[in-house]
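Reader: Can you walk me through this one? I have the model open and would like to go through it piece by piece.

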Amino acid sequence: QVQLVESGGGLVQPGGSLRLSCAASGFTYTNYITYVLSWYRQAPGKERELVAAVFATSRSTNYADFVKGRFTASRDDVERTVWLQMNSLKPEDTAVYYCNARRIDNRDDIWGQGTQVTVSS
């Protein structure tokens, strides 16, 4: 049974930083590298939106415009872990952050349970 577990959320003041982690289990290395790993977020009353995506072989990353220059996503396929380093946090970054693993052929799509990030003074 494959599973994603996020951690690292919490309460932080505006301008602060947090580092989210997403640990995967149930994947072999060969299987894990066929997945695009992404971070999404969902604020109260809003739709879930893509924050960042990290591709395995190329290590290329895509970011939503609203986090460019502030957030950095990275992955370690040996450790089966993906991170989201969030700097210069703003109140509007408050949301539940979800980890997602989607196979490159779109035949599998796995979500974590989410971790709450609250940016407030």
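Reader: Which strand is S38 found in?
Author: Bear in mind that this is a predicted model. Going by the strand assignment there, S38 is found in β4.

Reader: And is S38 buried or exposed?
Author: Leaving aside neighbours within four places in sequence, S38 is in contact with L50, A52, A53, Y98, C99 and N100. Its relative accessible area is 4%. Buried means under 20%, so S38 counts as buried.

Reader: C99 came up there. Which residue does C99 form a disulfide with?
Author: A disulfide is a covalent bond between the sulfur atoms of two cysteines. The cut-off used here is 2.5 Å between the sulfurs. C99 has its sulfur 2.1 Å from that of its partner, and the partner is C22.

Reader: How far apart in sequence are the parts that this pair ties together?
Author: The C22 and C99 link is left-handed, with -80 degrees about the S-S bond. C22 lies in strand β3 (residues 18-25) and C99 in strand β9 (residues 95-103), so the parts tied together are apart in sequence by 77 residues.

Reader: Are C22 and C99 buried or exposed?
Author: The threshold for buried is under 20% relative accessible area. C22 and C99 both come out as buried.

Reader: Take β7, then. Which of its residues make up the uncovered face?
Author: In a regular strand the side chains alternate between the two faces of the sheet. In β7 the covered face has F71, A73 and R75. The uncovered face is T72, S74 and D76.

Reader: What is the bridge partner of T72 in β8?
Author: β7 and β8 run antiparallel, with six bridges between them. T72 has as its bridge partner Q85.

Reader: Which residue in that hairpin takes a positive phi?
Author: The hairpin of β7 and β8 has four residues between the strands. The residue with a positive phi, near 55 degrees, is R80.

Reader: How many residues does the largest nonpolar core have?
Author: Strands β3, β4 (35-42), β5 (49-54), β7, β8 (81-86), β9 and β11 (115-119) each supply at least two residues of this core. Those with the most contacts inside the core are L4, W39, V51, F71, L84, M86 and Y97. Among the residues Y97 touches are W39, V51, F71, L84 and M86. The core has 30 residues.

Reader: What kind of aromatic pair do F27 and Y32 make?
Author: The whole structure has four aromatic pairs. In this one the ring centres are 5.4 Å apart and the planes sit at 80 degrees. Planes over 60 degrees apart count as edge-to-face, so F27 and Y32 are edge-to-face.

Reader: Which residues form one aromatic cluster with F27?
Author: F27 also pairs with Y35, with ring centres 5.1 Å apart and planes at 85 degrees, so that pair is edge-to-face. F27 is buried at 8% relative accessibility, and Y35 is buried at 3%. The residues in one cluster with F27 are Y32 and Y35.

Definitions and conventions: Residues numbered from 1 in each chain as written. Predicted model: local features only at pLDDT ≥ 70, side-chain atom pairs only at ≥ 80, totals over all residues. Heavy atoms only, no water. Buried < 20%, exposed > 50% of the residue type's maximum accessible area, 1.4 Å probe, protein only. Core = buried A, V, L, I, M, F, W, Y, C linked by side-chain atoms within 4.5 Å. Contact = heavy atoms within 4.5 Å. Phe/Tyr/Trp six-rings, centres within 6.5 Å; stacked < 30°, edge-to-face > 60°. Pairing = 2+ DSSP bridges.
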